[in-house]
Amino acid sequence: MELLDHGLMAVERKLSVAAPKKYPDELRQRAVRLYRESEPKPVIRRLAEQLGVHHEALRNWIRQAEADADERHDRPTSEMAEENRRLRREVAELRRANEILKAASAYFAAELDPTRRRS
């Protein structure tokens, strides 16, 4: 956590850092391509073992590739997921700014009207 001092009030902000990817993007793309181009479709668990990746990771990569190719509609596309993350960050920043403005407004209202009761 980081403590920001905006003059009127201190605001706590959680810093989040993305975890490093366990598997390189090239491996992900190659694994999905291998699965999609194979006929008949290989067993995901066996293909994952051959590639040295966890079978659930491979399964998720395949599902995401299918969503990105508009072949399945039970999960958002990568583009939609990234847009959602961007919008969540923006909303969080706007909420923080709004809290700062509320505090500043209350502070200046109290300064301008000293007869007013402070709560």
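What is the volume of the largest pocket? The answer is about 420 Å³, where a volume is the space filled by probe spheres set on grid points joined across faces, edges and corners. Keep in mind that this is a predicted model, where local features need pLDDT of at least 70, side-chain atom pairs count only at pLDDT 80 or more, and totals for chains, interfaces and linings use all residues. Residues are numbered from 1 along each chain as its sequence is written, and side-chain values use heavy atoms, leaving out hydrogens and water.

**The pocket**
- A pocket here is an open set of points on a 1 Å grid over the protein atoms alone, where a 1.4 Å probe fits, with protein on both sides within 12 Å along at least five of seven lines; lining residues have an atom within 4 Å of a point.
- Of its 13 lining residues, Lys21, Asp25, Arg28, Gln64 and Ser78 are the closest to the centre of the largest pocket.

**Two helices meeting**
- Helices are DSSP runs (H or I, at least four residues), numbered from the N terminus.
- The axes (lines fitted to C-alpha atoms over the stretch in contact, with angles from 0 to 180 degrees between N-to-C directions) of helix 1 (residues 25-37) and helix 3 (residues 55-68) come within 10 Å and cross at roughly 75 degrees.
- That makes the two helices roughly perpendicular (65 to 115 degrees).

- Most residues other than glycine have a negative phi, and most peptide bonds are trans.
- Glu39 and Pro40, though, are joined by a cis peptide bond, with omega about -5 degrees.
- Asp70 isn't a glycine, yet has a positive phi of about 60 degrees.
- Asp70 sits in the loop between helix 3 and helix 4.

Notes
Parallel < 35°, antiparallel > 145°, perpendicular 65-115°, else oblique.
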